[in-house]
Every structure is written in structure tokens, then in C-alpha cells.
Amino acid sequence: MTAICVLDGFTLNPGDLDWSPLSDIGPFEVHDRTPKELILSRAGGAPFVLTNKTVLDAATLEAMPALEYIGVLATGTNVVDVAAAERLGIAVTNVPGYGPDAVAQMGFAHVLHHMSRVSVHHDAVIQGAWSGQADFCFTLGQLESLSGKTLGLVGFGDIARQMARIGMAFGMKLLVHSRSKPVDLPEGAKFVALDTLFAESDVLSLHCPLTDDTRDMVNRESLALMKPGALLINTARGGLVDEVALADALNAGRVRAGVDVLSTEPPSPDNPLLHAANISITPHNAWATVKARQRLLDIAVENLRAFCRGDKANRVD
């Protein structure tokens with residue numbers, strides 16, 4: 001009998017990682033993806049289930065009497081009805097802090113995409129534009145230095161702190177806003193009100209959770225505060241942004257954006273950001289470097305080992 005059922009392992013491990021450490025715990029079965037109608041047939045008798053984005057709601061949990069443990073293969077646990085799991089005596093764990101370096105790296109990949117225009121110039125060179133120049137070089141629009149610009153961070157967790165380190169290495173000034181003032185801001189960094197952050201940042205990067213208070217925090221009013229040509233970076237949650245308002249600002253040339261997340265994923269073809277100007281979009285893969293995915297898998301396995309020993313590791317229930 002399968003002891004461990006991985007419901008949707010493909011995004012974590014498309015084939016370049018090794019699931020075999022799970023075998024030290026018990027027999028396991030890995031599915032790339034599991035539609036809702038197959039959850040019970042695949043995992044209904046398993047005591048241990050690992051999920052990434054496969055939803056385990058209250059009704060599903062109630063139909064799984066053998067289930068003792070859910071390991072979420074991510075930081076966010078919104079795919080599990082944690083209250084129902086707690087009521088049913090099912091342990092729930094997550095994997096925090098596995099990839100701040102990777103996400104910050106992607107954040108700055110978007111920054112450099114807009115500031116240095118590498119892809120635009122690469123495409124032009126390949127199409128023959130350099131070969132036909134009268135001079136030894138050419139530029140398609142202004143290239144910008146990060147040194148001296150202001151980086152604004154909404155939130156100051158692990159990813160934002162790594163963004164801060166990278167930005168300051170480039171010579172950027174640093175502004176921070178979070179729910180409470182951090183006690184360990186880097187030297188020279190300023191803690192400011194949210195409106196001030198929007199108004200004074202050249203690059204504004206979002207690193208806060210999606211809550212009722214933060215939903216659509218980037219909206220017509222906050223976008224109107226931003227400097228002309230300021231760059232918005234979102235590697236956090238798509239719901240932080242009013243996408244119609246942002247698309248309008250992008251198409252008007254008032255701001256630029258680099259995003260790794262959208263409000264619905266995969267996005268609808270009519271999502272306004274997919275057709276907007278002045279934006280770069282990556283498909284929610286900032287977290288997915290090999291190193292970060294390996295660390296996520298290692299932590300997920302150790303979470304389950306801890307549960308089997310009777311210990312608590314990264315419990316959220």
C-alpha cells in the first residue's frame with residue numbers, strides 16, 4: 001500500500017531531482033498532476049499526502065479517514081483547509097524560506113531587463129541593426145544606471161532583505177515599508193509611510209502577503225503617486241495589483257513593470273497585462289532554480305520525517 005502520495009510533483013521536480021529519500025519513510029507514489037476527481041482514488045488510503053497546488057478542501061479531507069499528514073510543497077497553505085484539517089486531527093506543514101536568493105535574483109532580472117535593455121538590443125543585433133551602423137555602437141532608447149536610484153520595498157522578509165542587499169551593492173538608496181518597523185534596517189535605509197514609498201521609489205518591489213488589507217494595493221491612486229517611468233516589480237502575489245489599473249498606466253507610458261505573478265495562474269488570454277506595453281512577465285518561476293527546488297524537496301522530506309518521529313517542524317495547523 002502507498003504510504004506517501006505526491007499529488008502534483010511536476011513543478012517541483014520535472015525530472016531533474018530525486019524523490020527517493022521518501023522511500024526511507026515508506027512506499028511512495030508521485031503524480032505529475034491530480035485533478036480533483038482523482039484525489040480520492042489516488043490518495044484516499046494514504047496516511048501522508050504531499051501537495052503543491054492541488055486543493056484539499058474540507059469535503060475532500062472528510063472523505064480521507066486514513067489521512068494523518070499533509071505536506072504543502074510551498075510556503076503558502078491556501079490550497080488546504082487548515083481549519084478543517086485541525087478539526088480532523090490532520091497535521092499540516094509548509095516549506096518556508098527555501099528560495100529567497102532565487103526570487104530576489106528574478107526580481108533583479110526584471111530590473112536589469114528594463115534598465116539595460118539586453119533583450120531589445122540582442123534582437124536588434126541579430127536582425128542586422130549593428131552590422132548596418134555607421135558607428136561602433138548604438139542604443140535603442142536610454143540605458144539607465146541603478147547607482148543613485150531609490151529602491152522601495154513593501155515588506156521586509158527574507159526575499160526583500162536579499163533584494164535590499166543586491167540593490168545596495170548596485171549603489172541604490174533604500175526605502176522600506178512594512179506592517180511594523182524592522183529593528184535591523186541596513187545602514188542608510190529609511191522606514192517610510194506607504195504613500196511616501198510609492199512617491200519616492202524609482203524601483204518599487206512588492207514582498208508582502210496577500211490579505212484583505214493588501215489586495216489591490218497597487219491601484220489607480222497608488223500608481224498616480226509613482227514617478228514618471230518608475231518600475232514596479234511583483235514577485236509576491238498577483239492579487240496585490242489591480243491589473244486593469246496597471247495596464248492602463250503601462251499603456252499610457254506612466255510606469256513600467258516586471259512581474260512573476262498574476263491574479264489568476266495560468267492567466268486568462270484576456271488578462272490585460274498580457275497585452276500591455278512596458279512590461280516584462282515571467283510565468284511564476286522565480287522560485288524554480290534547481291538549488292531552490294532541491295532545498296524545498298529536502299525540507300519537505302525532513303518535515304515528514306519529523307512528524308513520523310513525533311516532532312513538529314514547520315507545522316501550520
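Mentor: The second largest pocket holds about 210 Å³ of space; a volume here is the space filled by probe spheres set on grid points, which are joined across faces, edges and corners. On a 1 Å grid over the protein atoms alone, a pocket is an open set of points where a 1.4 Å probe fits, with protein on both sides within 12 Å along at least five of seven lines, and lining residues have an atom within 4 Å of a point. The model is predicted: local features need pLDDT of at least 70, side-chain atom pairs count only at pLDDT 80 or more, and totals for chains, interfaces and linings use all residues. Residues are numbered from 1 along each chain as its sequence is written, and side-chain values use heavy atoms, with hydrogens and water left out.

The lining consists of His113, His114, Arg117, Val120, Gln142, Glu144, Arg256, Asn278 and Ile279. By class, two of these residues are nonpolar, four polar and three charged; Ala, Val, Leu, Ile, Met, Phe, Trp, Tyr, Cys and Pro count as nonpolar, Asp, Glu, Lys and Arg as charged, and the others, Gly among them, as polar.

Asn278, one of the lining residues, is placed in the loop between β11 and β12. Strands (E, at least two residues) and helices (H or I, at least four) are DSSP runs, numbered from the N terminus. The phi of Asn278 is near 60 degrees, a positive value in a residue other than glycine. Asn278 counts as partly exposed because its relative accessibility is 37%; buried means under 20% relative accessible area, exposed over 50%, and partly exposed in between (1.4 Å probe, protein chains only).

The loop between β11 (255–259) and β12 (279–281) also contains Pro266, which a cis peptide bond joins to Glu265, with omega about -5 degrees. In the loop between β12 and α10 lies His284. The phi of His284 is near 50 degrees, again a positive value in a residue other than glycine, and His284 is partly exposed, at 26% relative accessibility.

Helix α10 spans residues 290–309 and includes Arg309. The side chain of Arg309 makes a polar contact of 3.2 Å with that of Glu302 and another of 3.1 Å with that of Asp311. A polar contact is a pair of N or O atoms within 3.5 Å; within protein, one must be able to donate a hydrogen and the other to accept it, and residues adjacent in sequence count only if both atoms are side-chain atoms.
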